[in-house]
Amino acid sequence: ARARALPIVIDADGLHLVTERPGVIAGYERAVLLPNEAEYARLRDAVLLPETAGAAPTPPAPPAAADAEAELKRVCAALGHVTVVRKGRVDLVSDGRQLLPCSEATPPRRCGGLGDILAGACGVLVNWASRADASLLPADGSGTPASPQLWAAWTAWVRTKRSAKAAFAARRRSMTAPDV
């Protein structure tokens with residue numbers, strides 16, 4: 001992917017590789033990582049605490065929102081501005097420069113496979129966004145356009161959550177990934 005400058009979305013087992021060898025993705029700004037809370041804890045520890053690599057990860061305590069945002073920005077910056085979608089109680093998307101909270105409500109049921117739907121949607125949107133005119137992307141408060149990966153990842157996460165809410169409204173607790 002790097003050799004061809006292709007956008008890449010990494011989830012699940014790929015995150016395990018990145019946790020074991022962060023250098024494999026470090027500095028590749030076209031990458032998007034999609035960790036859940038446990039995967040994020042391992043990634044955070046591997047990137048911010050390299051001297052404890054291999055030790056059991058410390059589960060993320062429910063930090064204050066500002067602390068969670070600052071920590072995620074530090075992780076992304078340490079990885080060379082890779083975009084990370086931190087899924088969990090507080091959903092955040094950052095590339096280390098900018099941060100977009102995902103305040104879209106989560107449906108009452110999070111079915112298995114929702115992360116796979118997010119990964120697929122993110123892959124499509126990251127690819128499209130990487131080909132877009134960056135001047136058309138929304139800017140932050142300073143007028144700096146956000147990276148295509150940041151907006152694509154955030155949009156994929158919002159869209160996935162909205163689709164899951166619609167599926168829950170139709171199927172209630174029997175909702176499964178194909179319903180989303």
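In what order do the elements of the protein chain run from the N terminus on? They run β-α-β-α-α-β-β-β-α-α. That makes five helices and five strands. Helices here are DSSP runs of H or I with at least four residues, strands are E runs of at least two, and both are numbered from the N terminus.

A word on the source. This is a predicted model, where local features need pLDDT of at least 70, side-chain atom pairs count only at pLDDT 80 or more, and totals for chains, interfaces and linings use all residues. Residues are numbered from 1 along each chain as its sequence is written, and side-chain values use heavy atoms, with hydrogens and water left out.

Now the chain as a whole. It has 180 residues, and 40% of them are buried (under 20% relative accessible area, 1.4 Å probe, protein chains only). Take the contacts (heavy atoms within 4.5 Å) with a separation of 6 or more: 61% come from residues 24 or more positions apart.

On to the largest pocket. Its space is about 330 Å³. A pocket is an open set of points on a 1 Å grid over the protein atoms alone, where a 1.4 Å probe fits, with protein on both sides within 12 Å along at least five of seven lines; lining residues have an atom within 4 Å of a point. The volume is the space filled by probe spheres set on the points.

The lining has 21 residues, and N36, K87, G88, R110 and W157 are the closest to the centre. α2 (37–48), α4 (114–130) and α5 (148–171) each give two or more residues. α4 gives the most, with three.

Definitions and conventions: Buried means under 20% relative accessible area, exposed over 50%, partly exposed in between (1.4 Å probe, protein chains only).
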